[in-house]
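Please walk me through this protein fold. Start with the strands, then move on to the side chains.

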Amino acid sequence: ALHLHETDNMTSISLPENIPTPCFVLDVARLRTNLETAKRVREEAGCKVLLATKAFAMPAVFPMMRDYLDGTTASGEHEAIMGHEEFGKEVHVYSPAYTEAEVQRLTKVAQHIYFNSEEQLARFGAIAREAGCKVGLRVNPGYSNATLGGDLYNPTAPGSRFGEVPAMLDSVDWSGVDIFHVHALCESLHEGSVGLIEFVADNFGKYIEQVSSVNFGGGHFLNKPGYEVAALIAAIKAFKAKFDVEVVLEPGAGLVVNTGELYATVLALHRNEMDLAILDASASTHMPDVLEAPYRPDIVGAGEASELAHTYRLGGKTCMTGDVLGDYSFPEPLLPGRQLIFTDQMHYSFVKTNTFNGTPLANLAIRWEDGVTEPISNFGYDEFRRRLGR
């Protein structure tokens, strides 16, 4: 089992020898605590809460998660199939564009299909409706409170391909729309959630009066320290009272923030004007948001560069020069074989891993509430080769 103890207000975790690195480890006890927040929102606000599988998709814990949530929301056909087969409750799906054949297949696994524009709605909405699905239209509200990555993660940035623009909404046949959908946030605290709800209420009322449901999308960072859940609940209740519609939220990262880590091992040390450490974990292949966002993940027991006695630039073992995780300092010198633990790695990291350079995928493991840690993958050459076709 993994062992937890508190050291200098940080969680220190030791990995059992039978789980090789790199490895993502989910802590179910912490996940359950986060899900209790979702349960509170569902019950006190009287709304639906869905898991956005684009951020977190680990079917091994879906049986536990389904007790707290109303279903899943997918960003494409394969995620929708997974939600249907593995989660077993409501399946919502949105994509910026569909083919006719894709929509027809989706009607077999999803009960709610969202279209990105009036054009897509006009072409394919009838197919979804005739199959008995609820039909949604995504709207770009022109409001955002995205806090990560600038325009890269701002769904309403200038030129965004996500959602119909307000100027086109009067041309929409709202008689064929059940759900008004906005997704405008990214890692937002309650100010963003409440701001979005109030902005939509103030600016889109005449359209909301024509639908039965409003989906406020994801990006609600429900379990981030500082998020005032009571403020979100109050805003949802006020919105429902004003419009008499069902309200849906679809957080991803907000459900799994701070529920797991990525374990890595120092493979080699090097020197080129500064001390360097090469790891078996890679930004390019295991934590791509480090380069895309960009951001610097925390490491248990490490500090900022020069904060502690020994500073190193950490990088992966791929051939990409920019495969750098950041500069960190440690109280003692690093040695090959030293284990490092990157915190808060359950959202968007393992679902975006790749096998560039033939780098092995980081494995997955679950620390159950009884303290037992169970590996749930064994990625190796076969997985790398399979992805390259016959």
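F384 counts as partly exposed, at 23% relative accessibility. This value, like every other here, comes from a predicted model. Y381 counts as exposed, at 57% relative accessibility. Both residues lie in helix α11, which spans residues 381–386. They are three residues apart, or about one turn of the helix.

Now turn to the strands.

Strand β6 covers residues 90–94, and strand β7 covers residues 112–115. They pair in the parallel sense over three bridges. Here Y94 stands opposite Y114 in β7.

Strand β12 (residues 260–271) and strand β13 (residues 275–279) pair in the antiparallel sense over five bridges. A268 has I278 in β13 as its bridge partner. The hairpin of β12 and β13 has three residues between the strands. In this hairpin, E273 takes a positive phi near 70 degrees. Strand β13 also pairs with strand β15 (residues 310–315), in the parallel sense and over three bridges. There, L276 stands opposite R313 in β15.

Next come the aromatic rings. The count comes to 14 aromatic pairs. One of them joins F216 and F239 edge-to-face, at 5.0 Å centre to centre and with 80 degrees between the planes. This pair links distant parts of the chain, 23 residues apart. F216 lies in the loop between β10 and α8, and F239 lies in helix α8. F216 is buried, with a relative accessible area of 0%. F239 counts as buried too, at 3% relative accessibility. Y381 and F384 also form a pair, and this one is tilted: 6.0 Å centre to centre, 55 degrees between the planes. Elsewhere, Y143, W174, F180, F199, F204 and Y207 form one aromatic cluster.

Charged side chains make contacts as well. Which ring does R296 lie over? R296 lies over the face of Y328, at 3.9 Å from the ring centre. R296 also forms a salt bridge with E304, and the closest N and O atoms are 3.5 Å apart. R296 is partly exposed at 27%, and E304 is partly exposed at 44%.

A search of the whole structure finds 18 salt bridges. E119 and R123 meet in one of them, at 2.7 Å from N to O. They are four residues apart in helix α5, so about one helical turn separates them. K352 and D289 meet in another, also at 2.7 Å from N to O. K352 lies in the loop between β17 and β18, and D289 lies in helix α10, so this pair ties together parts that are 63 residues apart in sequence. K352 counts as partly exposed, at 27% relative accessibility. D289 counts as buried because its relative accessibility is 13%, and buried means under 20%. Finally, salt bridges that share partners join D27, R30, E261 and R367 into one network.

Notes
Residues numbered from 1 in each chain as written. Heavy atoms only, no water. Pairing = 2+ DSSP bridges. Helix = DSSP H or I, 4+ residues; strand = E, 2+ residues; numbered from the N terminus. Phe/Tyr/Trp six-rings, centres within 6.5 Å; stacked < 30°, edge-to-face > 60°. Buried < 20%, exposed > 50% of the residue type's maximum accessible area, 1.4 Å probe, protein only. Lys NZ or Arg CZ within 6 Å of the ring centre and 35° of its normal. Salt bridge = Lys/Arg side-chain N within 4 Å of Asp/Glu carboxyl O.
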